[in-house]
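This report looks at how the protein is divided and at what surrounds its ligand. The structure comes first, the reading after it.

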Amino acid sequence: MSRPHALLELNGVTKRFGDLTANDSVSVSVAAGEVVALLGENGAGKSTLMKILYGLVRPDAGGISMNGQPLHIGSPRDAMSAGIGMVTQEFSLVETMTVTENVALSAVGLGIVDTRAARQRVTAAMERIGVDIEPDRLVSTLSLGERQRVEIVKALFHDCRVLILDEPTAVLTPQDVRALFATIDRLRQTGLGVLFVSHKLREVAEISDRVVVLRRGQLVGERVTSEVGVGELAALMMGVKAAAPVGDTAAAVGLPTEASPDAPAAPDRGESTTAQTPALVLTELTLERHGRSIVDAVTLTVQRGEVVGIAGITGNGQTELMELLCGTEQTTSGRMEVDGVDVTRSDVAGRLAAGLGRLTEDRRGSVVPQLSVEENLVLEDLPTYVRRGLVDRTAIRAHAERLIARFDIVATPAAAVSTLSGGNMQKVLLARALARRPRLLVAAQPTRGLDIGAYQFVHSQLKELRDSGAGLLLISEDLDEMRALCDRIAVLFRGRIVGTLTVEEATSERLGVMMTGEAVPA
Ligand SMILES: Nc1ncnc2c1ncn2[C@@H]1O[C@H](COP(=O)(O)OP(=O)(O)O)[C@@H](O)[C@H]1O
Ligand SMILES: [Mg+2]
């Protein structure tokens, strides 16, 4: 493979955490003016490798060199003085200070700052990379995307030659992603080397010049971006043959192709309801706290066999709406019907009995960690496993074995649920919810943090549930996921639904505009 002369090189870097090898003799390089994507599923070892480069983690073996000269990096300070900057997902800006003050603070430490000179330097730095943020604005008034660009400016202040961006798009709206990519492009043109960490194929394909794929700590492939399809990248990332299941580009990006195991049993429709009864009807559902409407008169219907999404930037009432739906928070006013039954004043158990299923955002909070997988699987139905005053352990075990097989859960029935990986824990929760044959499933961030295999599995199960005639209300920050699953997408802004689009209408641009509350399409 022809490639530009390396600026920065990692050579045979190995890092072990106990028995786990997070990085197994990995070598990666980046040249000046090159954007190298580090692609891999969750847990592949991307962040560890980048933290080693930035002096946050010590490697067990291997070395780092800049322009062929070995570097010793023992701390972020060492990394910065060597010309390496990093923007992590957790921002470190002081909210009550201005943009200039934040950048200057990091540049000179807590000493006295010549504000005017600093302001000029910050403005110049921003202009160079096409960032247009008023330097006197307080950080507290900036959007997440703007904050991230300030972090980039901060990193560049230390004569940065290689910039590491670890999953930079995870928290951004589509517009912010566009602006970030424009900034990355400018950085490339100014001769910076950029290491762009992501598990999102489409982004990697768009922004990088070269892709390095990590799987389970090992470098499993390296490609020139323009010479590779996303299908091949997905296959590398997941460790499957490139041909059949994910060979197709669109399918690989959209992700919903894998054949699913057993379909969940069709919901057992009671005689009381008819095909016309919607799965969910919300009428002016409102939650007030301290005189403020956190959820503000939400009116929404989910038909059977329909998937409705709630999009929005975090903190616009999604969490509270979910609590109202599940009955863990009391409705201030308004009404909620599940499958024709008024559950507005029902507790969680009442709602579950009415046909509600739930998959909440807080997975660890949805299980009892000390209990086993099989016990967690029957947590919501324990009374049905009690025979003559005794818990029927045999029936619980049989139920668990069926679900473990059907949902492809990597665990034994007796294993403590706390020992499960995120993907397997989510499968346990999904199995628990679907085994009850809900008429309405409300799901929040159902695939957050899952690897592609688990992501596809969860999606296939949700689609089967929909096809079997249940309604789905999906709350997610992942717009690709929304578009893959939803028939309609409602946008929540400051607790209110500011508009609802069909999936065809719901382009990133339109959703993004609505998500920032700037405009409501007619
Ligand atoms: N400080 C740590 N202690 C123990 N294990 C860790 C630590 N940091 C990361 N790991 C493990 O190393 C593996 C790679 O993690 P990470 O580098 O964060 O992956 P990625 O960024 O690709 O998602 C994971 O299995 C993770 O659990
Ligand atoms: Mg990571």
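Predicted model: local features only at pLDDT ≥ 70, side-chain atom pairs only at ≥ 80, totals over all residues.

The domains do touch. Domain 1 brings 9 residues to the contact, and domain 2 brings 13. On the domain 1 side, two elements give two or more residues each: α6 (174-189) and α8 (230-238). The top contributor is α8, with 3 residues. By class, this side of domain 1 holds 4 nonpolar, 4 polar and 1 charged residues.

Which residues surround ligand 1? The shell consists of Phe17, Leu20, Ala22, Gly40, Asn42, Gly43, Ala44, Gly45, Lys46, Ser47 and Thr48. Two elements supply two or more residues to it: β2 (20-31) and α1 (46-53). Of these, α1 gives the most, with 3 residues. The shell divides into 4 nonpolar, 6 polar and 1 charged residues.

The table sets out the residue classes of both sites.

| Side of domain 1 that touches domain 2 | 4 residues | 4 residues | 1 residue |

In short, α8 gives the most to the side of domain 1 that touches domain 2, while α1 gives the most to the shell around ligand 1.

How values were computed: Residues numbered from 1 in each chain as written. Chains lettered and ligands numbered in written order. Contact = placed C-beta atoms within 7 Å. Helix = DSSP H or I, 4+ residues; strand = E, 2+ residues; numbered from the N terminus. Nonpolar A, V, L, I, M, F, W, Y, C, P; charged D, E, K, R; others polar. Near = placed C-beta within 6 Å.
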